[in-house]
Every structure is written in C-alpha cells, then in structure tokens.
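Subject: Structure handover

Hello,

Here is the structure for your files. My notes follow below it.

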Amino acid sequence: MRAFVVPGMSPVTFVDGVTQAIAAHELSSYVSVTLEDDQLVARISRLGTTVLRYRVVVHNDGFRAELTGHRVAPFHTPFREGFERVLEQVVEKAGGSLEKHA
C-alpha cells in the first residue's frame, strides 16, 4: 500500500484506533503502529521484523500518508501480499481509504 487518506481525523487519533483494532484481533504482541515525528511506522515483529514508514501530510480536514520506505524481513517476503491486505483492512476499519494509483 503506497498511500492512504484519512479524512476528519488526526494522525494521533488514527494511531489510537489502529492500536485498538490490532488489540481486538490479538495481534498486539507482534504488530504495532506508532507515530514518530511526521511518520506513521508499522512494524511486524515475528521471525524477523518488517517496517513500513509513511510520511504524514495534512490533507483537507485529515491527513494523507505516503510510503517513504520499507524493510521486509527475509522470512516475511513470501507473505508480503497477505501483510499488505491485512494492513489495508486495518486502515479502512480505522477510517482511512486507499490510494491504489499512488
């Protein structure tokens, strides 16, 4: 997922919602989403660590997050599409919408 938009919500509120969604699915022991300065950082830590970094930019009444970098653990490579689908579902559940063309 290269970019997504979250209308009507601050990055802090979004991260809180995502954290609650992760906890509800009992993924919090190995999945986290944090806000570090102007970046959202998603980490999957199980048999290696995959990190996705998104730059946060104010967009209308919310924000837009653009993928700026990623590091995929070697063991995670075969599961990358699955990770992306789950991340997309979490973003949508938390109120965001994907920008597939970006």
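Phe79 is partly exposed, because its relative accessibility is 44% (buried means under 20% relative accessible area, exposed over 50%, partly exposed in between; 1.4 Å probe, protein chains only). Phe79 sits in the loop between S5 and helix H2 (80-93). Helices (H or I, at least four residues) and strands (E, at least two) are DSSP runs, numbered from the N terminus.

Ground rules first. This is a predicted model, in which local features need pLDDT of at least 70 and side-chain atom pairs count only at pLDDT 80 or more, while totals for chains, interfaces and linings use all residues. Residues are numbered from 1 along each chain as its sequence is written, and side-chain values use heavy atoms, with hydrogens and water left out.

Surface. Leu47, Phe75 and Phe79 make a nonpolar surface patch of about 340 Å². Patch residues have over 30% relative accessible area and no salt bridge; like charges are joined within 9 Å, nonpolar side chains (Val, Leu, Ile, Met, Phe, Trp, Tyr) within 5 Å. Areas come from the Shrake-Rupley method with a 1.4 Å probe; for residues, only the protein chains shown count as cover. A salt bridge is a side-chain nitrogen of Lys or Arg within 4 Å of a carboxyl oxygen of Asp or Glu.

Aromatics. Rings of Phe, Tyr and Trp (its six-membered ring) pair if their centres lie within 6.5 Å; planes under 30 degrees apart are stacked, over 60 edge-to-face, the rest tilted. The count is 3 aromatic pairs. Phe4 and Phe14 are tilted, because their planes meet at 35°, with centres 5.6 Å apart. Phe4 is in strand S1 (residues 3-6) and Phe14 in helix H1 (residues 11-24), so this pair ties together parts 10 residues apart in sequence. Phe4 is buried at 3% relative accessibility, and Phe14 is buried at 2%. Phe14 also pairs edge-to-face with Phe63, at 5.6 Å between centres and 75° between planes. Phe63 lies in strand S5 (residues 62-71), so the pair with Phe14 links parts 49 residues apart. Phe63 is buried at 1%. One cluster holds Phe4, Phe14, Tyr54 and Phe63.

Sheet. Six strands form an open sheet in the order S2-S3-S4-S5-S1-S6, with antiparallel pairing. Its edges are strand S2 (31-36) and strand S6 (97-98), each pairing on one side only. Two strands pair if DSSP finds at least two bridges between them. Strands S3 (residues 39-45) and S4 (residues 49-59) run antiparallel, joined by 7 bridges. Ile44 stands opposite Thr50 in S4.

Regards
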